[in-house]
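I opened this notebook to record what I looked up, entry by entry. I start with helix packing.

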Amino acid sequence: MTDLSAVKAALKSQRIETPSWGYGNSGTRFKVFRQAGVPRDPYEKLDDAAQVQAATGVAPVVSLHIPWDRVDDFAELGTHAKKHGLTLGAINSNVFQDDDFKLGSVTNADPAIRRKALDHLLECVDIMDQTGSRDLKLWFSDGTNYPGQDDIRARQDRLAEALAAVYERLGDDQRMLLEYKLFEPAFYTTDVPDWGTSYAHCLKLGPKAQVVVDTGHHAPGTNIEFIVAFLLREKKLGGFDFNSRFYADDDLMVGSADPFQLFRILHEVAKNNGLAAETGVAFMLDQCHNIEAKIPAVIRSVMNVQEATAKALLVDLDALTAGQRSGDVLAANAVLMDAYNTDVRPLLAEIRQEQGLNPDPMAAYRDSRWQQQIVAGRVGGEQAGWGA
Ligand code: LRH
Ligand code: MN
Ligand code: MN
């Protein structure tokens, strides 16, 4: 039997981190469809994130992307966040949008370019000191397009060297999360293409280096929950970049392509104590909303993670273990499917009411009339971001 009060407590204490870049105009390969009322600077992105928090109660942390969110005074940005009941989360580095990085950043054959990339990463740690962020998120677009273009092994050496320098710079309470991605923008080799490569580097670096699983960064058919179970066992799962994946890294709303996969992932997390804050798993969204309204899309995404988490928490673990131990394949599978097929929306509505929230976050946002306010008020100005 599942203890409902424990389920409710776990759902109330889950923290979902939303990405600053999800609130702004962002590009597909084809075009940026600009929306009215989008934030013009990082302060306004936080104002929008505060609306997501007001509607859901579980999204008080916002990840920043540097340089998209560069401001003169990061401590002041932190104060602005605090005023809205928010904290600043992971600092996402960006060594993929400068012409100098055409042939790679930290793996580039040219030492001057490697130095420039490393300096950016170290600057991100300086920013973490000011924002109080715990996590530095590293994603490298580094790779090659053609066989023979560069030395695959030498690039690993250069990568390891840069990672070690960043690790050295981390404070006691700071971590580096190394993201992997199968392909794109490089199409022949990618320098951190998979969890094994990320894990091997993190293992060598030490306990403050962990793997981040971006759910969109795998080949079709990859069993992501296996990766999650493995990394949790090794204490190397730093967190998630949640999004969807219909064909490749689409950055669409988490749980939209395959809610069952999201449930299976969260089942491994819940079962292996990954929901406990002390395990340190960060539940981050990494999304862009190109054709849909942005703030409601972030709210919907938070709800999708909550629904999958609730279902995962409803898995009757005693019955599951009994089925597994006795080799009763169908019984064990039925335990999982029963939880997955439960409609958890009434439970989540109840929890929200207990927290003094509107049971329907989408309605809460609609009723706030924030959208009308920003469309009328945010006129002129441009923000930085993906293809914007
Ligand atoms: C790369 C990625 C990485 C970036 C973000 C904007 O595809 O997932 O996390 O920082 O997108
Ligand atoms: Mn990502
Ligand atoms: Mn991505």
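Entry one, a helix pair. I looked up helix α10 (residues 317-325) and helix α11 (residues 329-340), whose axes come within 7 Å and cross at roughly 155°. That angle makes α10 roughly antiparallel to α11. I note the terms: axes are lines fitted to C-alpha atoms, for helices over the stretch in contact, and angles run from 0 to 180 degrees between N-to-C directions; an angle over 145 degrees counts as roughly antiparallel. Helices are DSSP runs (H or I, at least four residues) and strands likewise (E, at least two), numbered from the N terminus. The α10 and α11 crossing is left-handed, a term used if the near helix is turned anticlockwise from the far one by less than a right angle, with right-handed used if clockwise. On the α10 side A319, L320, G323 and Q324 make the contact, and on the α11 side A331, A332, V335 and L336; contact requires C-beta atoms, placed from the backbone, within 7 Å. These contact residues of α10 and α11 divide into 6 nonpolar, 2 polar and no charged. Here Ala, Val, Leu, Ile, Met, Phe, Trp, Tyr, Cys and Pro count as nonpolar, Asp, Glu, Lys and Arg as charged, and the others, Gly among them, as polar.

Entry two, the source. I am reading a predicted model, in which local features need pLDDT of at least 70 and side-chain atom pairs count only at pLDDT 80 or more, while totals for chains, interfaces and linings use all residues. Residues are numbered from 1 along each chain as its sequence is written, and chains are lettered from A and ligands numbered from 1 in the order in which they are written.

The axes of α9 (residues 294-313) and α13 (residues 361-368) come within 9 Å and cross at roughly 155°. The two helices α9 and α13 are therefore roughly antiparallel, and their crossing is right-handed. I295, P296, I299, R300 and M303 of α9 meet P361, M362 and Y365 of α13. That contact of α9 with α13 has 7 nonpolar residues, no polar and 1 charged.

Which residues surround ligand 1? I found W21, N92, W139, E179, K181, D214, D241, D249 and D286 (C-beta atom, placed from the backbone, within 6 Å). This shell around ligand 1 divides into 2 nonpolar, 1 polar and 6 charged.

The peptide bond from I66 to P67 is cis, with omega near 20°, and P67 lies in the loop between β2 (61-65) and α3 (74-83).

Notes
Parallel < 35°, antiparallel > 145°, perpendicular 65-115°, else oblique. Contact = placed C-beta atoms within 7 Å.
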